[in-house]
Amino acid sequence: MVNYKVADESLAEKGKESLYIAENKMPVTAKIIRERFEKEKPLKGITIAGCLHITKETGNLARTLKAGGAEVYLCGSNPLSTQDDVAAALVQEGINVFAWHGNTDEEFYWCIRQCLDAKPNILIDDGADMIVTAHQEYEDLINSGTIIACQEETTTGVKRFKAMEKQGALKVPLFPVNDARSKNQFDNELGTGQGIVSAIYGMHVLFAGKNVVIAGYGHCSSGMALRARGLGANVTITEVDPIKALQAKFAGFNVLPILEALPNADIILTATGCKHVITPNPGVFNRLKDGVILGNLGHFDIEIPTKELYEYAKEIKPIRKDVEELIFPDGKKVYLLAKGRLANLVLSEGHPSEVMDMSFALQSLMSEFIVKNQGNFNRGIIEVPIEIDDKVGYLKLESMGVKIDTLTEEQYNYIHGYEEGT
Ligand SMILES: NC(=O)c1ccc[n+]([C@@H]2O[C@H](COP(=O)([O-])OP(=O)(O)OC[C@H]3O[C@@H](n4cnc5c(N)ncnc54)[C@H](O)[C@@H]3O)[C@@H](O)[C@H]2O)c1
C-alpha cells in the first residue's frame with residue numbers, strides 16, 4: 001500500500017513526462033546505478049526517508065533507491081519547491097510521497113512526521129529539518145538503533161549538524177554529502193549559477209549592462225557571479241570572509257560592503273546561508289534603487305528580510321507567478337522573487353538534471369555503503385569516503401565518454417613519498 005498526500009493525482013501523466021526528460025539526462029543515477037541496483041537489490045528491506053526538493057531529478061533518485069529494494073518515503077524540504085506533477089507521478093510508481101507546492105509551516109512539519117512515522121533506517125535531509133525533528137520529537141526512533149545513518153544534502157544543513165555535534169546533541173551517524181567534491185563543486189556552483197539565470201531570464205530581464213550585487217563568494221555565489229558576468233552584467237560581491245573577498249577581487253569582481261553596494265544595484269542575489277544579509281530596517285530599505293530585483297538562493301528565506309519588507313511595503317502586488325511588486329511608502333517599487341525562498345527552484349525547475357545526476361548518484365551509492373557497513377558507524381559527522389566521491393566522478397566521465405589518465409606505480413609512489421628531491 002502506498003501512503004501519500006499530494007496536491008492533485010490527475011497531474012501524474014505530466015509528471016511522468018518530466019521524470020522521463022530528467023531520466024535521459026541522468027545516465028549515472030537513472031541508468032548505470034539503477035540497472036545494477038535492480039539486479040543486486042542492495043537496499044532490500046531498508047526504509048529510506050528523504051526530505052528533499054521534490055523535483056523531476058529527486059523523483060529519479062527515489063526510483064533508483066526503490067529499484068535497489070528500498071521502501072521510499074519523500075517529503076518536501078521547502079514549502080515552494082515541490083513540483084506537484086512529479087509528486088503525483090511518484091505515488092503511481094509506489095513511492096510514499098507527502099508533499100505539495102505552497103504548504104504551510106504546520107503542513108510542512110506534518111509531512112516530515114509522516115515520513116518519520118515509517119521508522120526509516122536511512123534519512124536523507126536537505127536543510128536538516130527532518131533529522132532535527134527526529135531528535136526533538138522521535139526519541140524512540142533515535143535511541144532504538146533503527147536509524148543506521150543519515151545524509152545531509154546542503155551547506156546550511158551541514159552547518160546546523162556541525163553546531164549540534166559541537167553541543168553533543170547529534171545522536172546519529174551523519175554523512176555530509178554536500179561536502180563531497182562530486183557534489184558541491186558541481187551542484188552548488190554550476191546548478192545555482194545556471195538556475196538563477198534561467199529564473200531571471202524567465203522574467204524577460206536583460207543581464208547585460210545591469211549592476212548585479214551578489215552576497216557571498218562561496219560555492220553557489222561564485223557560480224552565480226561567473227554566469228552573471230558572462231551575460232554582460234557588472235558584478236559586485238559582498239563578503240564577510242577576507243580570503244573569499246580576495247578571491248572575488250582577484251577574479252576581477254568589484255568588492256564592497258553591502259550598504260555601499262545597495263544603491264546602484266539593479267539585481268541583488270543572496271546565497272550565504274546567513275540571515276539578514278540586507279539589514280531589516282527602513283533606513284536600509286530606502287537605499288534600494290527603484291525597480292531592483294531581489295532574489296535569494298540560500299536555503300532559508302531570511303537572507304533577504306522578507307517579513308520586514310512585507311511589513312514596510314504599503315502595497316504588495318503579484319505581477320507574475322512567484323514574483324511580487326512591493327511598493328514602498330515613497331512609491332519606490334522593488335521586485336521580490338519567490339517570497340525570498342530559493343528562487344532557482346521556485347521560479348525555474350531547480351538545477352539542470354545533468355548536475356543533479358552527480359549529487360543523486362552520490363546519495364544512491366552512499367545509501368548502499370551505509371547498508372553494507374551498518375553497525376560500524378559512531379554517532380556524529382563522518383566524511384564521505386573518497387573512493388565513493390571518486391566513483392561518482394569516474395561514472396560521470398564514463399557516461400560522457402571522457403577518458404583520463406591513471407597514475408603509474410612510479411608516479412603514485414613519488415607523490416606519496418618524500419625520498420626523491422633535488
Ligand atoms: N538554491 C539552491 O539550489 C542551493 C543549492 C546549494 C546550496 N544552497 C544553499 O545556499 C547557501 C550557500 O551555500 P554554499 O555552498 O555556497 O556555501 P559556502 O559556505 O560555500 O558560501 C557561503 C559564502 O557566504 C559568505 N557569507 C556568509 N555570511 C555572509 C554575509 N552576511 N554577507 C556576505 N557574505 C556572507 C561566506 O563567507 C561564504 O563565502 C546555503 O544556504 C546552502 O544551503 C542552495
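Eight strands form an open sheet with parallel pairing, in the order 1-4-3-2-5-6-7-16. Strand 1 (4–5) and strand 16 (380–381) each have a single partner strand and stand at the edges, so one side of each is left without a neighbour in the sheet. Helices (H or I, at least four residues) and strands (E, at least two) are taken as DSSP runs and numbered from the N terminus, and two strands are said to pair if DSSP finds at least two bridges between them. The model is predicted, so that local features are reported only at pLDDT of at least 70 and side-chain atom pairs only at pLDDT 80 or more, whereas totals for chains, interfaces and linings use all residues. Residue numbers start from 1 along each chain as its sequence is written.

Within this sheet, strand 3 (residues 71–76) is joined to strand 4 (residues 96–98) in the parallel sense by three bridges. Leu74 has Val97 of strand 4 as its bridge partner. Strand 5 (residues 122–125) and strand 6 run parallel and are joined by four bridges, with Ala149 of strand 6 as the bridge partner of Ile122. Strand 6 also pairs with strand 7 (residues 173–175), in the parallel sense and over two bridges; here Cys150 stands opposite Leu174 of strand 7. The chain passes from strand 6 through helix 8 to strand 7 in a right-handed β-α-β crossover (right-handed if, with the strands pointing away from the viewer, the path from the first strand over the helix to the second runs clockwise).

In a regular strand the side chains alternate between the two faces of the sheet. In strand 6 (residues 149–152), Ala149 and Gln151 point one way and Cys150 and Glu152 the other way, and all are buried. A residue is classed as buried if 20 or more other C-beta atoms lie within 10 Å of its own, as exposed if 12 or fewer do, and as partly exposed in between, with C-beta atoms placed from the backbone.

Lys66 is located in helix 3 (residues 56–67). Lys66 counts as buried because it has 20 C-beta neighbours inside 10 Å. Leaving aside neighbours within four places in sequence, Lys66 is in contact with Val72, Gly94 and Ile95, a contact requiring C-beta atoms, placed from the backbone, within 7 Å. Lys66 and Met356 lie 290 residues apart in sequence and 18 Å apart in space, C-alpha to C-alpha.

The domain assignment of the protein chain gives domain 1 (4–183 + 351–400) and domain 2 (203–347), the bounds coming from an automatic or database domain assignment. The centres of the two domains, taken over C-alpha atoms, are separated by 30 Å. Nine residues from domain 1 and 10 residues from domain 2 take part in the contact. The side of domain 1 that touches domain 2 comprises one nonpolar, seven polar and one charged residues. In this classification Ala, Val, Leu, Ile, Met, Phe, Trp, Tyr, Cys and Pro count as nonpolar, Asp, Glu, Lys and Arg as charged, and the others, Gly among them, as polar.

Strand 11 (residues 267–270) is covered on both faces, with Ile267 and Leu269 on one side and Ile268 and Thr270 on the other, all buried. Strand 8 (residues 211–215) pairs with strand 11 in the parallel sense over four bridges, and Ile214 stands opposite Leu269. Strand 11 and strand 12 (residues 293–296) likewise run parallel, joined by four bridges, and Leu294 of strand 12 is the bridge partner of Ile268.

Positive phi values occur in two loops. His276, in the loop between strand 11 and helix 13 (282–285), has a phi near 50°, a positive value in a residue other than glycine. With 14 other C-beta atoms within 10 Å, His276 is partly exposed. Lys339, in the loop between strand 15 (333–337) and helix 15, has a phi near 55°, also positive in a residue other than glycine. Lys339 counts as partly exposed, with 18 C-beta neighbours inside 10 Å.

The shell around the ligand draws at least three residues from each of domain 1 and domain 2. Of the 29 residues around the ligand, Gly216, Gly218, Cys220, Gly273 and Cys274 come nearest, a residue being near a molecule or strand if its C-beta atom, placed from the backbone, lies within 6 Å of it. Helix 8 (155–166), helix 9 (181–201), helix 10 (219–230) and helix 15 (343–347) each contribute at least two residues to this shell. By class, the shell residues divide into 10 nonpolar, 16 polar and three charged.

Technical notes: Two residues are in contact if their C-beta atoms, placed from the backbone, lie within 7 Å.
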